[in-house]
Amino acid sequence: MLRIVQYPHPALRYESRPVTEINDELRSWVREMFDLMYAARGVGLAANQVALPYRFFILNLTADPEQKDQEQVFINPEIVKRHSSVENEEGCLSFPGLYSNVRRAKKIKVTAYDLQGNEIHADGEDLFSRAFQHETDHLSGKLFIDMLGPLARHSAASKLREFERTFRQAQESGEYPNDAEIIRQLDAMNQPAPAAG
Ligand code: NI
């Protein structure tokens, strides 16, 4: 059973490795992630937000579980081109209740693989562009709070301390292992598959 982890869970700072195989396990993680995302009323969710150290994320920009045709899965995503920039409000399911303005590229050109293993080449702007950049950052352990200006950072500070306290308490109560153990588990999942023969 997957769950969305919150800041400062170490998976959120973990540099994920590329997906090398699309298999049933991946497909079932994706299904579970969509369910978690809808329950949290989000439009995107990256694998490391459910403590999986692999490079993929999901989007449904409608946030509407009825609109299955709007579900998108991006495996090993890359942003190959960025054009102009725009500031807009952003939030993250790993920081519930924290919203802040973030400047990002307005238009992007991307590549990835879908869940069928087909190569995707897409252009997008506005919400697609913002969400794609936000989720791709997650896969490299980068968070939207890293992009705040001094004033926004200052106003987020008390909220971040609150997240910090809540997570440390969850560790003390045994709900999560300590950071070293979490990182050991992520490293173990992040090993390349042994070569056959
Ligand atoms: Ni996020």
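Predicted model: local features only at pLDDT ≥ 70, side-chain atom pairs only at ≥ 80, totals over all residues.
1. How much of α2 is covered? Most of the helix: 12 of its 14 residues are buried. The buried stretch takes in F128, S129, R130, A131, F132 and Q133, then H134, E135, T136, D137, H138 and L139. From its first C-alpha to its last, α2 reaches 21 Å, close to the 20 Å expected at 1.5 Å a residue. Just after the helix comes G141, with a positive phi of about 75°.

2. Now find the metal. Which residues coordinate the nickel ion? They are C92 through SG, H134 through NE2 and H138 through NE2, at 2.1 to 2.2 Å. Along the chain these donors follow the spacing C-x41-H-x3-H. C92 sits in the loop between β3 (72-90) and β4 (100-113), while H134 belongs to helix α2 (residues 126-139), so this pair ties together parts that are 42 residues apart in sequence. Both C92 and H134 are buried.

3. Next, follow the chain through the hairpin of β4 and β5. The two strands run antiparallel, and seven bridges join β4 to β5 (residues 119-125). What is the bridge partner of K109 in β5? It is D123. Five residues lie between the strands of this hairpin, where G117 takes a positive phi near 85°.

4. Helix α3 deserves a careful look too. At 1.5 Å a residue, its 23 residues (150-172) should span 33 Å, and the end C-alpha atoms are 32 Å apart, which agrees. Even so, α3 has a kink of about 45°, centred on A157.

5. Which residues of α3 are buried? They are A156, L160, F163, F167, A170 and Q171. What do these buried residues pack against? Their partner is α4 (179-189). After α3 comes G174, whose phi is positive, near 90°.

Key
Residues numbered from 1 in each chain as written. Heavy atoms only, no water. Helix = DSSP H or I, 4+ residues; strand = E, 2+ residues; numbered from the N terminus. Expected span 1.5 Å × (residues − 1). Bend = angle between axes of the 7 residues up to and from the residue. Buried < 20%, exposed > 50% of the residue type's maximum accessible area, 1.4 Å probe, protein only. Contact = heavy atoms within 4.5 Å. Donors = N, O, S within 2.8 Å, 3.2 Å for Na, K, Ca; no water. Pairing = 2+ DSSP bridges.
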